[in-house]
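Okay, everyone, thanks for coming.

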Amino acid sequence: MADTTKTVVPADGQAGSEPAPQEGKQQRSVRVVLFALMTAMMLAMLDNMIVGTAMPTIVGELGGLKHLSWVVTGYTLATAASTPIWGKLGDLYGRKGVFLASIVIFLIGSMLSGMAQDMGQLIGFRAIQGLGAGGLMVGVMAIIGDLIPPRERGKYQGMMAGVMAFAMILGPLVGGSITDHWGWRWSFYINLPLGAIALIAVTAVLHLPKKRVEAKIDYLGAGLLTLGICSIVLVTTWGGTEYAWGSARIMELTGIGVASLVGFVFWQTKAAAPIIPLHIFRSRNFTLMSIIGFITGFVMFGAVLFLPLYQQSVQGASATNSGLLLLPMLGSMLTVSMVAGRVTTNSGRYKIFPLVGSVLMVAGLFLLSLMDTETTRLTSGLYMAVLGAGMGCLMQITMLVAQNSVEMKDMGVASSSTTLFRTLGSSFGVAIMGALFNNRVQDVMAERAGALGSKLTETSAQLDAASMAKLPAAAREAYQHAVSSGTHSAFLLGSVVAVLSLVVAVFVKEVPLKGAGAPKSAGDGAQAESV
């Protein structure tokens, strides 16, 4: 009989036989494990928020302004490329050891980044950090998928959403404070004590059976997937900024990316132990959740990028509190996510949430597209809350349904694939919405401010507060109208893309969730999942 620390949640049909004190003990055990996992998850989420605030200071000390974007790009590339590989390694060799390894690599990258003496070193060390970060998120999701049956996971959904909201709100504030008082190097060193807590907590409280599958790692598949992902991410990062969309470099990268991914898909049908087994896409729900996850990433990260810019440039909000500017969206997302989780646990029903979430997402983005230079903060806050409510219905439900659609042996690759689609969606969202925003801002500045307007936005359509303060009143007003017009175009595009999420959600099939508390009508389809 399995140890209760390994099978955290009792199987369906057994819960009634357990005494109430034992059930309460198991729930406390789950919360202790989740605390350890959420600490690790916060490492990855806080890092980019904190480091982003420290960037101007880093450039001032290390120089290398023209390579600044690579500090973010190197991290993003390593994270995206390593995510599916971490998921597969967890399936093959056991989640705990692989997860702990990702934490250690992340901490090594953090320590080295803090010790960097020039921009080249910092970029390389950030890539190491990104390799570890790729395993943090997918490790947390896969372990939760192992320990807690889908039917019970809604009880803890608010905790995961809360970590995301906490990181996005406090990250910039913490980053600014650390940089001002301790120096930019501590924006990396701060990960070390947090990581040590996560390492100790996970080692002490997470008990999973050791396993090792006798299968060779698919090195060719890993190489093709890494090359394909890196090429596509570089296209979305460089397109319209470093290089024109129609330039030879972008065309080359697009060709390499497409060819690599086509080759990867073909090889996965031949490989003995494929990195991403294609049979998981035979599940209609898994495929649909991957699409919805991509669209959610596309929309959410576009909103996170452009909303603070609009509020700072048009509404005069302070850049110091950029995380607080998103509070209406994040607060709504957290509240709705908690409610959705509880309803899912109590009723076993979940199809309503992708549908309602998609409708709210379309409505919220359309409302945000209506903002202009006269829109008040209260009005924009209400529009943000509508979008946040849609996100709250979708963020955790997509992972829940995706994991419910695969066998336990594929939990890691299912979690990593869903995470990868969301990451790729965010890359495409920032690139496409960003290109539309930049073009619209430059056009309106040329119309309203003539040659001066064209010169101001020639290199970048995003001006900081110091640059705006130096502008003549007429040019500053023109820029506010330009940003308002740019955000209108970006959010209108987002609302059109979000319609696809609604269409996809219609075809989701409500398969009974596995685990304790499943309704009797679910029959044998809702069997318990044990670790």
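So, helix 8: its buried residues are Asn191, Gly195, Ala198, Ala201 and Val202, where buried means under 20% relative accessible area with a 1.4 Å probe and protein chains only. Looking down the axis of helix 8, these residues sit within an arc of 130 degrees, so they line one face of the helix; the arc is taken from the directions from the helix axis to the C-beta atoms. Helix 8 runs over residues 191-205, and its 15 residues should span 21 Å at 1.5 Å a residue, which agrees with end C-alpha atoms 21 Å apart. The expected span is 1.5 Å times one less than the number of residues.

Quick housekeeping. This is a predicted model, with local features needing pLDDT of at least 70 and side-chain atom pairs counting only at pLDDT 80 or more, while totals for chains, interfaces and linings use all residues. Residues are numbered from 1 along each chain as its sequence is written, and side-chain values use heavy atoms, leaving out hydrogens and water. Helices here are DSSP runs (H or I, at least four residues), numbered from the N terminus.

On to helix 14, residues 352-369. Its 18 residues should span 26 Å at 1.5 Å a residue, and the end C-alpha atoms are 26 Å apart, which agrees. Its buried residues include Phe353, Met361 and Leu368.

What angle do helix 14 and helix 15 pack at? About 150 degrees, with the axes 8 Å apart; axes are lines fitted to C-alpha atoms over the stretch in contact, and angles run from 0 to 180 degrees between N-to-C directions. That makes helix 14 roughly antiparallel to helix 15, the label for angles over 145 degrees.

Next pair: the axes of helix 11 (residues 284-313) and helix 18 (residues 473-506) come within 10 Å and cross at roughly 165 degrees. So helix 11 is roughly antiparallel to helix 18. By class, their contact has 20 nonpolar, six polar and no charged residues; nonpolar is Ala, Val, Leu, Ile, Met, Phe, Trp, Tyr, Cys and Pro, charged is Asp, Glu, Lys and Arg, and the others, Gly among them, are polar.

Last stop, Ala271, in the loop between helix 10 (248-268) and helix 11. Ala271 counts as buried because its relative accessibility is 13%. Its C-alpha atom is 7.9 Å from that of Gly221, 50 residues apart along the chain.

How values were computed
Helix = DSSP H or I, 4+ residues; strand = E, 2+ residues; numbered from the N terminus. Parallel < 35°, antiparallel > 145°, perpendicular 65-115°, else oblique. Buried < 20%, exposed > 50% of the residue type's maximum accessible area, 1.4 Å probe, protein only.
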